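I opened this notebook to record what I looked up in a single chain. The entries follow the order in which I consulted the structure.

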Amino acid sequence: PDGGWRVVEIQRDIAWGDAPAPVRDVVATAPNAFLPERVIESRQPADGSVIYVLFPADAPDAPTMEVRFMDGQATIMPPAH
């Protein structure tokens, strides 16, 4: 804003085992559950939430699921399309 910079998200790759237990649990019980090969942790400074972007082994460039984690609660996000 006003010609300056603003952080909108902070991303990093993490191991699936490093994701919070509620995130792993909601994915494990989802109808389309799978073991992610790649996980991007995306911190959202605007509201303090963290989005976990999950990629399967057979599509490492196409995320299959996103999970929002905030206040100890994990929720699978609806597809972007």
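The entries below go from the overall layout to the sheet, the helix and the surface.

Entry 1, overall layout. I note at the outset that the model is predicted. Read from the N terminus, the elements follow the order β-α-β-β-β-β. I then took the extent of the C-alpha trace, which is about 45 × 30 × 25 Å along its principal axes.

I traced the strand order as 1-2-3-4-5, in an open sheet of five strands with antiparallel pairing. Strand 1 (10–14) and strand 5 (73–76) are at the edges and have a single partner strand each, so one side of each lacks a neighbour in the sheet. From one strand to the next, the twist averages 25 degrees.

I examined strand 2 (residues 38–44) and strand 3 (residues 49–55), which are joined in the antiparallel sense over seven bridges. Within this pair I looked up glutamine 44, whose bridge partner in strand 3 is serine 49.

I located helix 1 (residues 21–28) across strand 3, strand 4 (65–70) and strand 5. Helix 1 runs at about 140 degrees to strand 4.

Of the contacts with a separation of 6 or more, 38% are between residues 24 or more positions apart.

Entry 6, surface and charge. I noted an accessible surface of about 5600 Å², with 54% belonging to carbon and sulfur atoms. The chain carries 6 positive and 12 negative charges, and their mean positions lie 4 Å apart.

Terms used: Residues are numbered from 1 along each chain as its sequence is written. This is a predicted model: local features need pLDDT of at least 70, side-chain atom pairs count only at pLDDT 80 or more; totals for chains, interfaces and linings use all residues. Side-chain values use heavy atoms; hydrogens and water are left out. Two strands pair if DSSP finds at least two bridges between them. Helices (H or I, at least four residues) and strands (E, at least two) are DSSP runs, numbered from the N terminus. Axes are lines fitted to C-alpha atoms, for helices over the stretch in contact, and angles run from 0 to 180 degrees between N-to-C directions. Contact means heavy atoms within 4.5 Å. Accessible areas come from the Shrake-Rupley method with a 1.4 Å probe; for residues, only the protein chains shown count as cover. Lys and Arg count as positive and Asp and Glu as negative; His and the chain ends are not counted. The place of a charge is taken as NZ of Lys, CZ of Arg, CG of Asp or CD of Glu.
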